[in-house]
Amino acid sequence: MGELRLLPEQASTIAPEVDHLLYFLLVVSVFFTVAIFGAIFYFAVRYRRRSEQELPNPVHGGLTLEILWSVIPFGLTMVMFTWGASIYFTEARPPGDALSLYVVGKQWMWKLEHLEGQREINELHVPLGRAVKLTMTSEDVIHSFFIPAFRIKQDVLPGKYSTIWFKPTKPGRYHLFCAEYCGARHSGMIGWIHVMEPQEYQNWLTGGAAEGTLASSGEKLFEGLACNNCHHADSSGRCPTLVGLFGKTVQLAGGGMVKADEAYIRESILQPQAKVVAGFQPIMPTFQGLVTEEDVLRLVEYIKSLGAKAAPEGTPTPGGVPAPKR
Ligand code: CUA
């Protein structure tokens, strides 16, 4: 017996919420469509002109009616707005304990990177019941990361990080699509999300042939690009130390502050002159064209890990960074 399915199956915590809102919008729309068309036909018949001599009786408005047809739609649209906004905010804010993963879109494939070092193409393995946060970027044009069963879709943009999160509720295999026309083989830019039992996922993680974590390959790259010649672990170099940088607020030359997040680090690697740290000279060369988006993600993870390493040492400032010279 084939069941009638209007929507894809629900396999994430947000999916039922999205569907409830959709059903509400559908019911309201159907109700008003039927009511309006019903009224049109009823009035057309009821008040039709019955003889050549009949003159219509003009109506000059009614305040009660005006108020009703303003207030009721206003109330209904406000319900739609607050309901939709609350789902939007839920989707925009990943829980703090979410598992972090990276996505790089390119014509025409999805590259997915685990912090443990596993790399996948057009496949993503995730554990059941755990929130997963995706930080995404594109190597070329705009793509869109779409998992219908999870009811999530987010544009993946070149030159920028976008994020989305989900928490799978059912083990299984779910379709991944690109939902933004991105060239000749856009329709082939598809893949699968494998939701595994946590134990099975652990086995999968340890079974894979990863060449070290994302942070450790970032460290190799950091040395390979000779970044460590200038960015010393202490503040003795001519460049700001990166130890404990991640998540910190940075004072910029010429005033202003910026939070050291993924986007800031990415920009500092590719366009070092964009935001120069107060007390330092703009001497860093750009690495645009020398590193791929995946390399940037590795470097970002390495710099993040520097914060984590510095924390237990009990240094005076948060993250163990002496304040930059001003
Ligand atoms: Cu990528 Cu369409």
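User: Before we look at any residue, what does buried mean here?

Analyst: Buried means under 20% relative accessible area, exposed means over 50%, and partly exposed is in between, using a 1.4 Å probe and protein chains only. This is a predicted model, where local features need pLDDT of at least 70, side-chain atom pairs count only at pLDDT 80 or more, and totals for chains, interfaces and linings use all residues. Residues are numbered from 1 along each chain as its sequence is written, and side-chain values use heavy atoms, with hydrogens and water left out.

User: Which residues of H5 are buried?

Analyst: They are Glu-262, Tyr-264, Ile-265, Arg-266, Ser-268, Ile-269 and Leu-270. Helices (H or I, at least four residues) and strands (E, at least two) are DSSP runs, numbered from the N terminus.

User: Why is helix H5 called largely enclosed by the rest of the structure?

Analyst: Because seven of its nine residues, in the run 262-270, are buried.

User: Why does Asn-122 count as buried?

Analyst: Its relative accessibility is 18%, and the cut-off is under 20%, so Asn-122 counts as buried. Asn-122 sits in the loop between strand S3 (119-121) and strand S4 (123-127), and its phi is near 60°, a positive value in a residue other than glycine.

User: What makes Arg-151 count as buried?

Analyst: Arg-151 has 13% relative accessibility, so it counts as buried. You will find Arg-151 in the loop between strand S6 (143-147) and strand S7 (152-156), with phi near 60°.

User: What kind of peptide bond joins Gln-107 and Trp-108?

Analyst: A cis one, with omega about 0°. Most peptide bonds are trans.
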